[in-house]
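My notes are below, in the order I took them.

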Amino acid sequence: MDLFADGRIVHLILGLMAIEIGILRYLRARFGIGPRPQDVLATLAAGAAVLLALREALTGGPPSSIGGFLLLAFVAHVIDLATRKPGG
């Protein structure tokens with residue numbers, strides 16, 4: 001039962017990212033602090049796509065699948081950079 005060999009570590013990390021989104025939403029709604037969820041969506045999408053590429057690599061997925069997730073991460077990262085406010 002190896003977390004890395006079967007890719008379950010990626011599912012664990014994605015779950016932690018989902019909890020992070022929930023905490024950010026709660027803090028924003030309850031106290032008005034922290035970034036708006038839509039301001040970090042592209043960042044989290046890029047990270048999630050890289051993690052999915054990692055899962056494919058760990059579990060012996062096809063190179064086309066790994067490449068597809070990395071391409072998705074690149075697109076999300078470009079969107080993230082394009083939508084950031086200068087100095088923010």
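What follows is my notes on the fold, the dimensions and the largest pocket.

**Fold.** I began with the reminder that this is a predicted model. I then looked up the secondary structure and got 3 helices and 0 strands. Read from the N terminus, the order of elements is α-α-α.

**Dimensions.** Next I wanted to know how the radius of gyration sits against the globule rule. The protein chain comes out at 15 Å, whereas a compact globule of 88 residues would be near 12 Å. I also checked the C-alpha trace along its principal axes, and the spans are about 45 × 30 × 15 Å.

How much of the chain counts as buried? I found 22% of the 88 residues. For contacts with a separation of 6 or more, I noted that 59% are between residues 24 or more positions apart. The accessible surface is about 6,000 Å², and carbon and sulfur atoms hold 71% of that.

**Largest pocket.** Which helices each supply at least two residues of the lining? My answer is helix 2 (37-58) and helix 3 (63-83). Helix 2 gives the largest share, with 5 residues. Sorting the lining by type, I got 5 charged, 4 polar and 2 nonpolar residues.

Definitions and conventions. Residues numbered from 1 in each chain as written. Predicted model: local features only at pLDDT ≥ 70, side-chain atom pairs only at ≥ 80, totals over all residues. Heavy atoms only, no water. Helix = DSSP H or I, 4+ residues; strand = E, 2+ residues; numbered from the N terminus. Nonpolar A, V, L, I, M, F, W, Y, C, P; charged D, E, K, R; others polar. Rg over C-alpha atoms; globule rule 2.2 N^0.38 Å. Buried < 20%, exposed > 50% of the residue type's maximum accessible area, 1.4 Å probe, protein only. Contact = heavy atoms within 4.5 Å. Areas by Shrake-Rupley, 256 points an atom, 1.4 Å probe, with all protein chains shown as cover.
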